[in-house]
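Subject: Structure handover and findings

Dear colleague,

I am passing on the structure that follows, together with notes on what was found in it. Please read the notes with the model open beside them.

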Amino acid sequence: MIQFTAIVLKFDQQGEKTGWTYIEIPAAKAGKLKPGNKKSFRVKGKLNEYAIKQAALLPMGNGNFILPLNGTMRKQLGVRKGEKLRVQLEVDEKPLRLSPALMSCLADDPDAMSYFKTLAPSHQHYYSKWIEEARAAPTKEKRIAQAINAFLRKQSFSEMMRALKKERDELL
């Protein structure tokens, strides 16, 4: 396990990471978790008192990694850019669990399943987590339909989200 204090950062213009809020995990700290590793991997632990699991550390070059802080995490932590976080992390070896409802629907659509299988496990997890975070059954069903359509269009998660935002904006 590693422990340190990190500053909450935010990307300005950084391709698809533009606007992301994150903390940086220096190469020396990441190396204690997974020596010699230069690929994304999952961690669990605490940010202040907020427990995390199955969170992805993403490589940024020179051995450094970042831990993106999504909206839910930021809200629970009550942090903004420039604030400090107490960080405790260890490798999370537990396999990713994909949405059973999504996998059931994909079993009925071989073309969508074929594209889904080409996605990196982390991207499969983005879709699955987004679906499972829906509180109401109709919302979950709608998200599954949107995901299946995105797979048929061969869209990444971020491409699908941008397309959905564009559709909403056009309706307004």
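Which residues in H5 meet which residues in H6? Before the reply, a word on the basis: this is a predicted model, in which local features need pLDDT of at least 70 and side-chain atom pairs count only at pLDDT 80 or more, while totals for chains, interfaces and linings use all residues. Residues are numbered from 1 along each chain as its sequence is written, and side-chain values use heavy atoms, with hydrogens and water left out.

The helices

From H5, Tyr 127, Trp 130, Ile 131 and Glu 132 are in contact (heavy atoms within 4.5 Å) with Lys 140, Arg 143, Ile 144, Gln 146, Ala 147, Ala 150 and Phe 151 of H6. Helices here are DSSP runs of H or I with at least four residues, strands are runs of E with at least two, and both are numbered from the N terminus. The contact of H5 with H6 divides into seven nonpolar, one polar and three charged residues, where Ala, Val, Leu, Ile, Met, Phe, Trp, Tyr, Cys and Pro count as nonpolar, Asp, Glu, Lys and Arg as charged, and the others, Gly among them, as polar. H5 (residues 121–132) and H6 (residues 137–152) pack at an angle of about 160°, their axes being 8 Å apart; axes are lines fitted to C-alpha atoms, for helices over the stretch in contact, and angles run from 0 to 180 degrees between N-to-C directions. That makes H5 roughly antiparallel to H6, on a scale where under 35 degrees is roughly parallel, over 145 roughly antiparallel, 65 to 115 roughly perpendicular and the rest oblique.

For H3 (residues 100–107) and H4 (residues 110–118), the axes come within 7 Å and cross at roughly 125°, and the two helices are therefore oblique to each other. Leu 102, Met 103, Leu 106 and Ala 107 in H3 meet Pro 110, Ala 112, Met 113 and Phe 116 in H4, a contact that divides into eight nonpolar, no polar and no charged residues.

In the loop between H6 and H7 (157–171) lies Gln 155, which is buried, with a relative accessible area of 15%; buried means under 20%, exposed over 50% and partly exposed in between, with a 1.4 Å probe and protein chains only.

The sheet

Seven strands form an open sheet in the order E1-E7-E4-E5-E6-E3-E2, with antiparallel pairing, and two strands pair if DSSP finds at least two bridges between them. E1 and E2 (9–10) stand at the edges with a single partner strand each, so one side of each is left without a neighbour in the sheet. E1 pairs with E7 over six bridges, and Phe 4 has Val 87 in E7 as its bridge partner. E5 and E6 form a hairpin with two residues between them, and Asn 62 in the turn has a positive phi of about 55°.

The cores

A nonpolar core is a set of buried Ala, Val, Leu, Ile, Met, Phe, Trp, Tyr and Cys residues joined through side-chain atoms within 4.5 Å. The largest has 24 residues, and those with the most contacts inside it are Ile 23, Ile 25, Leu 47, Leu 57, Leu 85 and Leu 89. Its largest share, four residues, comes from E7. Apart from this core lies another, of 18 residues, among them Leu 106, Leu 119, Tyr 127 and Met 160.

With best regards
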